[in-house]
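Subject: Structure handover

Hi,

Here is the structure for you to look through. My notes on the ligand site follow below it.

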Amino acid sequence: MALEDSERMVSGSMLPDEQQDEYSLRPKRLAEFIGQQKVKDNLSISIQAARARGEVLDHVLLYGPPGLGKTTLASIIANELGVAFQATSGPVIDDKKDLAAILSNVEKFQIFFIDEIHRLNTQLEELLYPALEDFRIDYVVGQGPGARTVQLNVAPFTLVGATTRAGLLSAPLRSRFGIVHRIDFYTAEELGIIVRRSADILQVPMDREGSEEIARRSRGTPRIANRLLRRVRDYAEVKAEGRITLSVARAALEMLEVDHYGFDEVDRKLLLTIIEKYGGGPVGVNTLAASLSEEVDAIEEIYEPFLIQIGFLHRTPRGRVATPLAFQYFGLKPNSAQNALF
Ligand code: ADP
(Lines give C-alpha, C1' and ligand atoms only; values in the text may rest on other atoms or scores of the structure.)
Protein backbone atom coordinates (compact mmCIF):
# COMPACT_ATOMS: atom_id res chain seq x y z
CA MET A 1 0.00 0.00 0.00
CA ALA A 2 1.24 3.43 -0.82
CA LEU A 3 0.51 5.02 2.52
CA GLU A 4 2.49 4.48 5.70
CA ASP A 5 0.21 4.27 8.73
CA SER A 6 1.92 7.38 10.07
CA GLU A 7 0.67 9.31 7.02
CA ARG A 8 -2.96 8.24 7.21
CA MET A 9 -5.53 10.85 8.11
CA VAL A 10 -7.62 8.10 9.74
CA SER A 11 -4.85 6.21 11.50
CA GLY A 12 -5.64 5.35 15.13
CA SER A 13 -1.95 5.74 16.02
CA MET A 14 -0.46 9.05 17.07
CA LEU A 15 1.07 11.02 14.19
CA PRO A 16 4.43 12.73 14.75
CA ASP A 17 3.12 16.28 15.29
CA GLU A 18 0.26 15.44 17.63
CA GLN A 19 1.88 15.07 21.03
CA GLN A 20 1.26 18.62 22.21
CA ASP A 21 -2.43 18.75 21.37
CA GLU A 22 -3.01 15.23 22.65
CA TYR A 23 -1.75 16.35 26.00
CA SER A 24 -4.10 19.33 26.24
CA LEU A 25 -7.11 17.32 25.04
CA ARG A 26 -6.52 14.32 27.25
CA PRO A 27 -9.11 13.98 30.03
CA LYS A 28 -7.51 14.03 33.48
CA ARG A 29 -10.28 12.50 35.61
CA LEU A 30 -12.62 9.54 35.24
CA ALA A 31 -15.64 11.87 35.16
CA GLU A 32 -14.23 13.66 32.07
CA PHE A 33 -13.58 10.41 30.24
CA ILE A 34 -16.46 9.91 27.78
CA GLY A 35 -17.99 6.48 27.09
CA GLN A 36 -16.68 3.02 28.12
CA GLN A 37 -19.18 3.14 30.98
CA LYS A 38 -18.67 -0.44 32.17
CA VAL A 39 -14.90 -0.07 32.25
CA LYS A 40 -15.20 3.22 34.14
CA ASP A 41 -17.65 1.78 36.68
CA ASN A 42 -15.41 -1.21 37.33
CA LEU A 43 -12.24 0.83 37.56
CA SER A 44 -13.89 3.31 39.86
CA ILE A 45 -14.80 0.53 42.30
CA SER A 46 -11.33 -1.03 42.14
CA ILE A 47 -9.74 2.39 42.78
CA GLN A 48 -12.04 3.28 45.68
CA ALA A 49 -11.55 -0.15 47.28
CA ALA A 50 -7.76 0.05 47.04
CA ARG A 51 -7.81 3.55 48.53
CA ALA A 52 -10.12 2.58 51.36
CA ARG A 53 -7.94 -0.40 52.28
CA GLY A 54 -4.76 1.61 51.89
CA GLU A 55 -3.45 -1.08 49.57
CA VAL A 56 -1.81 -1.03 46.20
CA LEU A 57 -4.20 -1.37 43.22
CA ASP A 58 -4.02 -4.72 41.42
CA HIS A 59 -2.17 -4.76 38.08
CA VAL A 60 -4.36 -3.62 35.19
CA LEU A 61 -4.39 -4.76 31.56
CA LEU A 62 -6.18 -2.59 28.98
CA TYR A 63 -6.55 -3.90 25.47
CA GLY A 64 -8.14 -2.69 22.25
CA PRO A 65 -7.32 -0.88 18.99
CA PRO A 66 -5.06 2.21 18.98
CA GLY A 67 -6.43 5.66 19.82
CA LEU A 68 -9.30 4.52 22.06
CA GLY A 69 -7.98 5.89 25.35
CA LYS A 70 -5.77 3.25 26.97
CA THR A 71 -2.92 5.65 27.81
CA THR A 72 -5.45 8.24 28.92
CA LEU A 73 -7.13 5.78 31.27
CA ALA A 74 -3.78 4.73 32.73
CA SER A 75 -2.91 8.32 33.63
CA ILE A 76 -6.43 8.88 34.95
CA ILE A 77 -6.01 5.90 37.29
CA ALA A 78 -2.88 7.58 38.68
CA ASN A 79 -4.74 10.88 39.12
CA GLU A 80 -7.69 9.22 40.84
CA LEU A 81 -5.34 7.38 43.19
CA GLY A 82 -3.29 10.52 43.73
CA VAL A 83 -0.03 8.75 42.86
CA ALA A 84 2.83 9.27 40.43
CA PHE A 85 2.58 8.14 36.80
CA GLN A 86 5.47 6.86 34.78
CA ALA A 87 5.13 5.68 31.19
CA THR A 88 7.22 3.64 28.82
CA SER A 89 6.59 1.19 26.03
CA GLY A 90 7.53 -2.41 25.26
CA PRO A 91 9.79 -1.71 22.28
CA VAL A 92 11.61 1.13 24.07
CA ILE A 93 13.06 -0.90 26.94
CA ASP A 94 15.39 -3.42 25.40
CA ASP A 95 17.77 -3.98 28.25
CA LYS A 96 17.34 -5.72 31.62
CA LYS A 97 19.45 -3.01 33.21
CA ASP A 98 17.01 -0.30 32.11
CA LEU A 99 14.01 -2.15 33.46
CA ALA A 100 15.79 -3.03 36.72
CA ALA A 101 16.70 0.64 37.15
CA ILE A 102 13.12 1.76 36.60
CA LEU A 103 11.73 -0.87 38.95
CA SER A 104 14.16 -0.16 41.74
CA ASN A 105 13.15 3.50 41.61
CA VAL A 106 9.36 3.20 41.56
CA GLU A 107 7.49 5.13 44.25
CA LYS A 108 5.09 3.45 46.64
CA PHE A 109 1.70 2.76 44.96
CA GLN A 110 2.65 4.57 41.75
CA ILE A 111 1.39 3.63 38.29
CA PHE A 112 3.97 2.20 35.94
CA PHE A 113 2.48 2.17 32.46
CA ILE A 114 3.87 -0.03 29.68
CA ASP A 115 2.33 0.59 26.26
CA GLU A 116 2.55 -2.18 23.65
CA ILE A 117 3.33 -4.61 26.43
CA HIS A 118 3.05 -7.55 24.02
CA ARG A 119 6.36 -6.40 22.56
CA LEU A 120 8.32 -6.80 25.78
CA ASN A 121 10.96 -9.45 25.28
CA THR A 122 10.89 -12.69 27.29
CA GLN A 123 13.93 -11.86 29.41
CA LEU A 124 12.32 -8.63 30.52
CA GLU A 125 9.04 -10.40 31.24
CA GLU A 126 10.90 -12.77 33.52
CA LEU A 127 12.51 -9.90 35.37
CA LEU A 128 9.08 -8.39 35.79
CA TYR A 129 7.28 -11.41 37.30
CA PRO A 130 8.76 -11.33 40.84
CA ALA A 131 8.42 -7.53 40.80
CA LEU A 132 4.72 -7.90 40.09
CA GLU A 133 4.08 -10.66 42.58
CA ASP A 134 6.43 -10.15 45.50
CA PHE A 135 7.76 -6.64 44.82
CA ARG A 136 11.35 -7.77 44.43
CA ILE A 137 13.67 -8.34 41.51
CA ASP A 138 16.30 -11.01 41.11
CA TYR A 139 19.14 -9.39 39.34
CA VAL A 140 22.27 -11.15 38.08
CA VAL A 141 25.48 -9.15 38.43
CA GLY A 142 28.71 -10.14 36.77
CA GLN A 143 29.31 -12.85 34.23
CA GLY A 144 30.61 -16.40 34.10
CA PRO A 145 31.64 -18.19 37.32
CA GLY A 146 31.72 -14.90 39.26
CA ALA A 147 28.08 -14.11 38.49
CA ARG A 148 25.72 -13.88 41.44
CA THR A 149 22.06 -13.08 41.92
CA VAL A 150 21.18 -10.04 43.94
CA GLN A 151 17.69 -9.50 45.27
CA LEU A 152 16.39 -5.97 45.29
CA ASN A 153 13.22 -4.85 46.96
CA VAL A 154 10.79 -2.84 44.90
CA ALA A 155 8.13 -0.54 46.34
CA PRO A 156 4.59 -1.87 45.85
CA PHE A 157 3.36 -0.42 42.55
CA THR A 158 0.66 -1.02 39.95
CA LEU A 159 1.58 -2.04 36.46
CA VAL A 160 -0.86 -0.86 33.81
CA GLY A 161 -0.21 -2.68 30.56
CA ALA A 162 -1.78 -1.65 27.26
CA THR A 163 -1.89 -3.72 24.11
CA THR A 164 -3.61 -3.74 20.77
CA ARG A 165 -3.08 -7.49 20.61
CA ALA A 166 -4.11 -9.27 23.81
CA GLY A 167 -3.74 -12.58 21.97
CA LEU A 168 0.01 -12.03 21.63
CA LEU A 169 0.57 -11.67 25.36
CA SER A 170 2.28 -14.67 26.92
CA ALA A 171 0.03 -16.66 29.25
CA PRO A 172 2.24 -16.14 32.33
CA LEU A 173 2.31 -12.36 31.82
CA ARG A 174 -1.42 -12.20 31.24
CA SER A 175 -2.11 -14.14 34.42
CA ARG A 176 -0.34 -11.46 36.51
CA PHE A 177 -3.08 -8.92 35.78
CA GLY A 178 -5.91 -8.97 38.32
CA ILE A 179 -7.94 -6.36 36.43
CA VAL A 180 -8.45 -6.80 32.68
CA HIS A 181 -10.58 -4.51 30.51
CA ARG A 182 -11.30 -4.39 26.83
CA ILE A 183 -11.67 -0.91 25.35
CA ASP A 184 -14.15 -0.80 22.47
CA PHE A 185 -14.83 1.54 19.58
CA TYR A 186 -17.03 4.51 20.54
CA THR A 187 -20.51 5.30 19.24
CA ALA A 188 -21.01 8.35 17.02
CA GLU A 189 -22.92 10.00 19.91
CA GLU A 190 -20.00 9.54 22.30
CA LEU A 191 -17.56 10.83 19.69
CA GLY A 192 -19.81 13.86 19.18
CA ILE A 193 -19.43 14.68 22.89
CA ILE A 194 -15.65 14.23 22.63
CA VAL A 195 -15.46 16.52 19.57
CA ARG A 196 -17.50 19.23 21.33
CA ARG A 197 -15.37 18.96 24.46
CA SER A 198 -12.19 19.27 22.39
CA ALA A 199 -13.64 22.20 20.40
CA ASP A 200 -14.34 23.98 23.71
CA ILE A 201 -10.75 23.45 24.86
CA LEU A 202 -9.35 24.59 21.50
CA GLN A 203 -11.92 27.44 21.43
CA VAL A 204 -13.26 26.54 18.02
CA PRO A 205 -16.78 27.80 17.28
CA MET A 206 -18.85 24.92 15.97
CA ASP A 207 -22.47 23.95 15.24
CA ARG A 208 -23.81 20.72 16.65
CA GLU A 209 -24.26 19.30 13.11
CA GLY A 210 -20.62 20.06 12.39
CA SER A 211 -19.51 18.06 15.42
CA GLU A 212 -21.80 15.19 14.47
CA GLU A 213 -20.39 15.03 10.97
CA ILE A 214 -16.81 14.85 12.29
CA ALA A 215 -17.88 12.21 14.83
CA ARG A 216 -19.54 10.02 12.19
CA ARG A 217 -16.38 9.90 10.09
CA SER A 218 -13.97 9.18 12.95
CA ARG A 219 -14.18 5.37 12.82
CA GLY A 220 -15.17 5.01 16.45
CA THR A 221 -11.81 6.46 17.57
CA PRO A 222 -11.32 9.57 19.77
CA ARG A 223 -7.79 10.18 18.48
CA ILE A 224 -9.10 10.36 14.91
CA ALA A 225 -12.01 12.57 16.00
CA ASN A 226 -9.58 15.06 17.55
CA ARG A 227 -7.34 14.95 14.48
CA LEU A 228 -10.22 15.56 12.07
CA LEU A 229 -11.43 18.39 14.28
CA ARG A 230 -8.04 20.12 14.02
CA ARG A 231 -7.93 19.70 10.26
CA VAL A 232 -11.50 20.91 9.80
CA ARG A 233 -10.65 23.88 12.02
CA ASP A 234 -7.80 24.78 9.63
CA TYR A 235 -10.19 24.61 6.70
CA ALA A 236 -12.81 26.66 8.54
CA GLU A 237 -10.27 29.35 9.40
CA VAL A 238 -9.16 29.70 5.80
CA LYS A 239 -12.51 29.28 4.06
CA ALA A 240 -15.33 30.01 6.50
CA GLU A 241 -14.31 32.64 9.06
CA GLY A 242 -13.46 29.97 11.59
CA ARG A 243 -16.90 28.48 12.26
CA ILE A 244 -17.43 24.76 11.77
CA THR A 245 -20.89 24.12 10.34
CA LEU A 246 -22.23 20.97 8.69
CA SER A 247 -21.33 22.14 5.20
CA VAL A 248 -17.87 23.33 6.26
CA ALA A 249 -17.17 19.97 7.94
CA ARG A 250 -18.38 18.08 4.86
CA ALA A 251 -16.33 20.15 2.44
CA ALA A 252 -13.20 19.87 4.59
CA LEU A 253 -13.53 16.11 5.06
CA GLU A 254 -14.13 15.62 1.37
CA MET A 255 -10.94 17.50 0.65
CA LEU A 256 -9.12 15.27 3.12
CA GLU A 257 -10.58 12.25 1.28
CA VAL A 258 -12.18 10.87 4.40
CA ASP A 259 -15.51 9.51 3.24
CA HIS A 260 -18.86 9.04 4.93
CA TYR A 261 -17.72 5.92 6.80
CA GLY A 262 -14.33 7.35 7.71
CA PHE A 263 -12.67 5.17 5.07
CA ASP A 264 -9.59 6.33 3.26
CA GLU A 265 -7.87 4.83 0.25
CA VAL A 266 -6.22 2.09 2.32
CA ASP A 267 -9.57 0.72 3.48
CA ARG A 268 -11.00 0.92 -0.01
CA LYS A 269 -8.02 -0.85 -1.49
CA LEU A 270 -8.17 -3.62 1.11
CA LEU A 271 -11.85 -4.27 0.49
CA LEU A 272 -11.56 -3.98 -3.29
CA THR A 273 -8.66 -6.43 -3.34
CA ILE A 274 -10.75 -9.03 -1.51
CA ILE A 275 -13.71 -8.39 -3.79
CA GLU A 276 -11.96 -8.15 -7.16
CA LYS A 277 -8.97 -10.39 -6.76
CA TYR A 278 -10.43 -13.06 -4.50
CA GLY A 279 -14.12 -13.04 -5.46
CA GLY A 280 -15.04 -11.57 -2.06
CA GLY A 281 -13.07 -14.18 -0.10
CA PRO A 282 -12.37 -16.08 1.99
CA VAL A 283 -8.76 -15.13 1.54
CA GLY A 284 -6.04 -15.92 4.07
CA VAL A 285 -4.53 -12.90 5.82
CA ASN A 286 -1.02 -13.83 4.63
CA THR A 287 -2.13 -13.89 1.00
CA LEU A 288 -4.01 -10.65 1.47
CA ALA A 289 -1.00 -9.00 3.08
CA ALA A 290 1.22 -10.10 0.17
CA SER A 291 -1.26 -8.74 -2.40
CA LEU A 292 -1.31 -5.38 -0.64
CA SER A 293 2.45 -5.29 0.11
CA GLU A 294 1.49 -4.89 3.75
CA GLU A 295 2.52 -6.50 7.02
CA VAL A 296 0.12 -9.10 8.42
CA ASP A 297 0.38 -7.35 11.79
CA ALA A 298 -0.67 -4.02 10.33
CA ILE A 299 -3.74 -5.59 8.74
CA GLU A 300 -4.75 -7.34 11.95
CA GLU A 301 -3.95 -4.50 14.30
CA ILE A 302 -4.72 -1.35 12.39
CA TYR A 303 -6.86 -1.83 9.30
CA GLU A 304 -9.34 -4.59 9.90
CA PRO A 305 -10.71 -4.12 13.46
CA PHE A 306 -12.88 -1.20 12.38
CA LEU A 307 -13.98 -2.83 9.12
CA ILE A 308 -15.04 -5.86 11.16
CA GLN A 309 -16.77 -3.71 13.76
CA ILE A 310 -18.99 -1.98 11.19
CA GLY A 311 -19.78 -5.24 9.40
CA PHE A 312 -17.83 -4.79 6.15
CA LEU A 313 -15.42 -7.61 6.80
CA HIS A 314 -15.70 -11.00 8.47
CA ARG A 315 -12.90 -13.03 9.95
CA THR A 316 -13.58 -16.72 9.31
CA PRO A 317 -11.41 -19.78 9.97
CA ARG A 318 -10.67 -19.89 6.23
CA GLY A 319 -9.76 -16.25 5.90
CA ARG A 320 -11.21 -12.78 5.42
CA VAL A 321 -14.53 -12.32 3.67
CA ALA A 322 -16.05 -9.10 2.30
CA THR A 323 -19.72 -8.86 3.37
CA PRO A 324 -22.61 -7.79 1.11
CA LEU A 325 -22.34 -4.34 2.78
CA ALA A 326 -18.83 -4.01 1.38
CA PHE A 327 -20.04 -4.93 -2.12
CA GLN A 328 -22.86 -2.39 -1.86
CA TYR A 329 -20.43 0.29 -0.78
CA PHE A 330 -18.67 -0.02 -4.15
CA GLY A 331 -21.99 -0.23 -6.01
CA LEU A 332 -21.37 -3.93 -6.70
CA LYS A 333 -23.69 -6.89 -6.34
CA PRO A 334 -22.54 -9.70 -4.06
CA ASN A 335 -22.06 -12.86 -6.13
CA SER A 336 -24.07 -15.99 -5.35
CA ALA A 337 -21.21 -17.62 -3.42
CA GLN A 338 -21.08 -14.48 -1.28
CA ASN A 339 -24.81 -14.46 -0.65
CA ALA A 340 -24.63 -18.08 0.43
CA LEU A 341 -22.07 -17.11 3.07
CA PHE A 342 -24.31 -14.55 4.74
P1 ADP B 1 -4.42 4.73 23.15
O2 ADP B 1 -3.46 4.71 24.31
O3 ADP B 1 -5.53 3.72 23.30
O4 ADP B 1 -3.75 4.64 21.80
P5 ADP B 1 -4.91 7.47 24.00
O6 ADP B 1 -5.23 7.27 25.43
O7 ADP B 1 -3.53 7.99 23.69
O8 ADP B 1 -5.19 6.13 23.16
O9 ADP B 1 -6.03 8.44 23.40
C10 ADP B 1 -5.83 9.24 22.26
C11 ADP B 1 -6.46 10.60 22.44
O12 ADP B 1 -7.87 10.46 22.35
C13 ADP B 1 -6.18 11.24 23.80
O14 ADP B 1 -5.20 12.21 23.73
C15 ADP B 1 -7.47 11.88 24.20
O16 ADP B 1 -7.44 13.25 23.87
C17 ADP B 1 -8.52 11.24 23.34
N18 ADP B 1 -9.41 10.35 24.09
C19 ADP B 1 -9.29 9.01 24.19
N20 ADP B 1 -10.31 8.49 24.89
C21 ADP B 1 -11.10 9.52 25.25
C22 ADP B 1 -12.33 9.62 25.97
N23 ADP B 1 -12.96 8.53 26.42
N24 ADP B 1 -12.86 10.84 26.17
C25 ADP B 1 -12.24 11.94 25.66
N26 ADP B 1 -11.09 11.91 24.96
C27 ADP B 1 -10.52 10.72 24.74
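A backbone N or O atom of leucine 68 sits 3.3 Å from an oxygen atom of the ligand. That is a polar contact, meaning a pair of N or O atoms within 3.5 Å. Glycine 69 also uses a backbone N or O atom, at 3.0 Å from a ligand oxygen. Threonine 71 places a polar side-chain atom 2.6 Å from an oxygen atom of the ligand. The protein covers 97% of the 560 Å² of accessible area that the ligand has on its own (Shrake-Rupley method, 1.4 Å probe).

Please note that this is a predicted model: local features need pLDDT of at least 70, side-chain atom pairs count only at pLDDT 80 or more, and totals for chains, interfaces and linings use all residues. Residues are numbered from 1 along each chain as its sequence is written, and side-chain values use heavy atoms, without hydrogens and water.

Now the shell. There are 18 residues around the ligand (a heavy atom within 4 Å). Arg26, Ile34, Thr71, Thr72 and Arg223 come nearest. Helices α1 (19-25), α3 (70-81) and α9 (222-239) each supply at least two of the shell residues. Helices here are DSSP runs (H or I, at least four residues), numbered from the N terminus.

Proline 16 counts as exposed because its relative accessibility is 73%, and exposed means over 50% (1.4 Å probe, protein chains only). Proline 16 and glutamate 295 are 279 residues apart in sequence and 21 Å apart in space, C-alpha to C-alpha.

Best wishes

Definitions and conventions
A polar contact is a pair of N or O atoms within 3.5 Å; within protein, one must be able to donate a hydrogen and the other to accept it, and residues adjacent in sequence count only if both atoms are side-chain atoms. Buried means under 20% relative accessible area, exposed over 50%, partly exposed in between (1.4 Å probe, protein chains only).
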